[in-house]
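The entries below follow the order in which I looked them up.

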Amino acid sequence: MQRLSAAAKAFRPAHLAAAALSCALALAPAAARAEFVNVLTGGTSGVYYPLGVAISKLIGEKVPGTRPSVQATKASVENLNLIQQGKGEVAFTLADSLADGAAGKEEAGFKTPLTKVRALGGIYPNYIQIVASKDSGIKTIADLKGKRLSVGAPKSGTELNARAILNAAGLKYEDLGKIEYLPFAESVELMKNRQLDATLQSAGLGVASIKDLANSVPIVVVEVPGAVIDKIGAPYLKTTIPAGTYEGQSADVATAAVPNFLVTRSDLKDDEVYAITKAIYENLPELAAAHSAAKSITLANAMKGSPVAFHPGAEKFFKEKGVTP
């Protein structure tokens with residue numbers, strides 16, 4: 001066996017240490033960047049998913065070195081918890097869910113305050129859409145008493161909206177005949193089969209699930225009165241579902257809206273979040289082409305009303321564009 005000289009023995013540990021340090025330094029930038037950009041959306045029959053696919057495509061085209069993917073989820077609450085856990089880079093969420101997450105409201109699905117979630121930008125508003133089958137006889141929120149209603153997946157953003165709306169209208173879950181915690185598409189299938197009387201869906205206008213339902217059975221779009229919205233307060237806003245949004249909807253229907261946001265992780269590099277924000281907000285027509293709800297996304301409103309701080313990378317982009325909160 002060949003023996004090492006004293007000089008070689010002395011050199012070996014130093015050499016290995018230097019090599020290890022060199023490797024660590026080389027790997028550090030890669031670890032700080034999110035090569036894989038996972039876009040967290042919602043159910044495939046909602047609005048988040050097709051917009052998430054469009055955003056993923058834009059990131060892949062406009063941000064060099066990234067490999068984007070799209071993940072269907074239970075939407076807002078799950079998305080925020082996944083971002084906190086480091087399991088996503090861009091996510092969709094409702095503003096009220098975002099506020100609840102920042103406050104760590106356990107009843108809303110957050111065990112502790114979400115300290116790693118940062119705003120990337122405001123997008124379109126979600127409309128609270130309560131749709132009943134015409135055969136159910138439901139015409140007002142009060143008529144839901146004793147009826148079968150789907151309120152979205154458990155502790156999803158939609159379900160939190162349902163609790164707020166019903167509570168402000170003087171109704172509790174116990175007042176209804178049956179509560180189903182189902183995503184949009186499954187709710188619609190049960191309504192088609194007369195196993196549900198109504199569904200509450202928090203989504204952009206023209207959501208595919210309600211379009212499918214309205215094209216299959218006669219529906220009634222139920223009003224959410226202004227007094228109910230006033231009782232809840234911000235971030236709920238008064239708005240209207242325009243006549244003709246769905247088959248058989250012959251008149252405007254008053255309802256509530258809640259802003260949506262894109263969020264990201266605090267530990268992502270500023271330059272990467274800057275590039276992602278730029279890719280999204282400089283290509284809004286591509287999002288509008290993916291879903292009509294995105295037509296209401298504007299650069300001017302991108303920083304308005306966020307319950308959490310913006311990521312410095314996103315903030316830099318908006319500042320360059322002259323956008324302010």
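**Helix α9**

I looked up burial in α9 and found E272, V273, Y274, I276, T277, A279, I280 and Y281 buried, where buried means under 20% relative accessible area, exposed over 50%, and partly exposed in between (1.4 Å probe, protein chains only). This is a predicted model, in which local features need pLDDT of at least 70, side-chain atom pairs count only at pLDDT 80 or more, and totals for chains, interfaces and linings use all residues. Residues are numbered from 1 along each chain as its sequence is written, and side-chain values use heavy atoms, with hydrogens and water left out.

I then noted the span of α9 (residues 270-281): its 12 residues reach 16 Å from first C-alpha to last, close to the expected 16 Å, the expectation being 1.5 Å times one less than the number of residues. Helices (H or I, at least four residues) and strands (E, at least two) are DSSP runs, numbered from the N terminus.

**Backbone exceptions**

Most residues other than glycine have a negative phi, and most peptide bonds are trans. I looked for departures from this.

Which peptide bond is cis? I found that the bond from A234 to P235 is cis, with omega near 10°. P235 sits in the loop between α8 (226-232) and β9 (237-241).

A75, not a glycine, has a positive phi near 80°. I located A75 in the loop between β2 (67-71) and α3 (76-84).

R194, also not a glycine, has a positive phi of about 60°. I placed R194 in the loop between α6 (184-192) and β7 (198-203).

Are A75 and R194 buried or exposed? A75 counts as buried because its relative accessibility is 16%; R194 counts as exposed because its relative accessibility is 61%.
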